[in-house]
Amino acid sequence: MDDVLTIAGRKIGSRLIMGTGGAGNLTVLADALRASGTTLTTVAMRRYDPAAGGGVLDLLRELGIELLPNTAGCRTAAEAVLTAQLAREALDTDWVKLEVVADDHTLLPDPVELLDAAEQLVDDGFTVLPYTNDDPILARRLEALGCAAVMPLGAPIGSGLGIRNPHNIALIVDRSNVPVILDAGIGTASDAALAMELGCDAVLLATAVTRADDPARMATAMRLAVDAGYHARRAGRVPRRYHAQASSPAL
Amino acid sequence: MITVNGEHWHADPGLTVADVVARLTDEPRGIAVALDGAVVPRAKWAATEIPDQAQVEVLTAVQGG
C-alpha cells in the first residue's frame, strides 16, 4: 500500500519535487513539469523585471502546481530570512526551501548561517525545508530546531555527480524523524532511484531534467525512477552474497 | 533621490510604496517590497511613504531551484 508523502501535516501528491531553474523557455518547462507529475515546485525570488511579465508564476497556476519559494543566492542568515519573508508576502505561503550557500564555486551550504537562519525562520512561523550538507549531525541539529524536513545534497548543485556519499544519506534517513528529501546532484534516473532505495522520502531536482537534451523525457524517467526506488525500498531487497545461489532446483 | 532595484529614481515628497509598485506594473500579484531591508506588507503599501535616500527592493518569483 502506498502512503502519501506528508510534510508538516500537508500531503504532497508526488515524491518527485521539481525545480524550475535551467529550462530554456517556459514551453519546455511546462512539458517537463507535466511529464514529471510533480505537485510542488521551487521558485526563486529576484528583482521584478517589467519586461519579464508574470512568467513562471502564471505557468504554475495554470498547471495547478504548488509553489515552494527558495532563498537561492543568499550567503548569510540575515539575507535568507529577509528573502523568505518577502516570498511569504509575495506568494502567500509560509513554506520555504532554505538555502544559505558559502560560495559560487561549490554552492555548498554554510552550516553556521544555515542553522542560524533555520532557527529564526522556525521562530517566525515558517515551515522550513533546509537544503543541507550530507552531514548526519547537521541534519539532526536542523530537525531539533524544528525544521519540517531535511534536504541533504547528493552532490553539489548542478553537478550531476549523483550521490557521492550514500552511507551518509542512509545514516541521515536512519535517524531522522522528519521527511528526508535528496536535494541536488542528481544526474540521471538511477541516481533518483538510489536516493529512494536508501530510504529518502522524496527527491528534489531541476538541472538533470531542465538541461537534459529532452527535458520532458528525462522528467518521465525521473518520475518512474522515484517510483521504482520507492517500491524497491519497501519490497526489501535480497542480501548481497559473495557466492552464487542457484535459483532453479537442484538436478 | 531613492534607489529602486538598484536604479536611482527621482522621488517627490509623499511618494508611497504603492506608487513605486504602480510605476513598475499594473498587475502586482506575486510581488513583495522591502524598504531599507524590511518587508512592507501589501496592506501598508498605500500608507508607507518612502524617505529620501531609501533603498527599495521590489521582488517577484522567477524560475529557480
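I started with where the two chains touch: the contact takes 29 residues from chain A and 21 residues from chain B. A reminder to myself is that this is a predicted model.

Next I looked up which elements of chain B supply that side. Strand 3 (31-35) and strand 5 (55-63) of chain B are the elements that give two or more residues to the side touching chain A. Strand 5 of chain B gives the most, with seven residues. I also sorted the side of chain B that touches chain A by class, and got 10 nonpolar, eight polar and three charged residues.

What does strand 5 of chain B pair with in chain A? I found strand 4 (residues 40-47) of chain A there, pairing with strand 5 of chain B in the antiparallel sense over five bridges.

Then I moved to a helix pair within chain A. The axes of helix 4 (residues 111-123) and helix 5 (residues 136-145) of chain A come within 9 Å and cross at roughly 15°. Because of that angle, I noted helix 4 of chain A as roughly parallel to helix 5 of chain A. I put down the crossing of these two helices of chain A as right-handed.

Which residues meet there? From helix 4 of chain A I listed Pro111(A), Leu115(A), Ala118(A), Glu119(A) and Val122(A), and from helix 5 of chain A, Leu138(A), Arg141(A), Leu142(A) and Leu145(A). By class, the residues of this helix contact divide into seven nonpolar, no polar and two charged.

How values were computed:
Residues numbered from 1 in each chain as written. Chains lettered and ligands numbered in written order. Predicted model: local features only at pLDDT ≥ 70, side-chain atom pairs only at ≥ 80, totals over all residues. Contact = placed C-beta atoms within 7 Å. Helix = DSSP H or I, 4+ residues; strand = E, 2+ residues; numbered from the N terminus. Nonpolar A, V, L, I, M, F, W, Y, C, P; charged D, E, K, R; others polar. Pairing = 2+ DSSP bridges. Axes fitted to C-alpha atoms, helices over the stretch in contact; angles between N-to-C directions. Parallel < 35°, antiparallel > 145°, perpendicular 65-115°, else oblique. Left-handed = near helix turned anticlockwise from the far one by under 90°.
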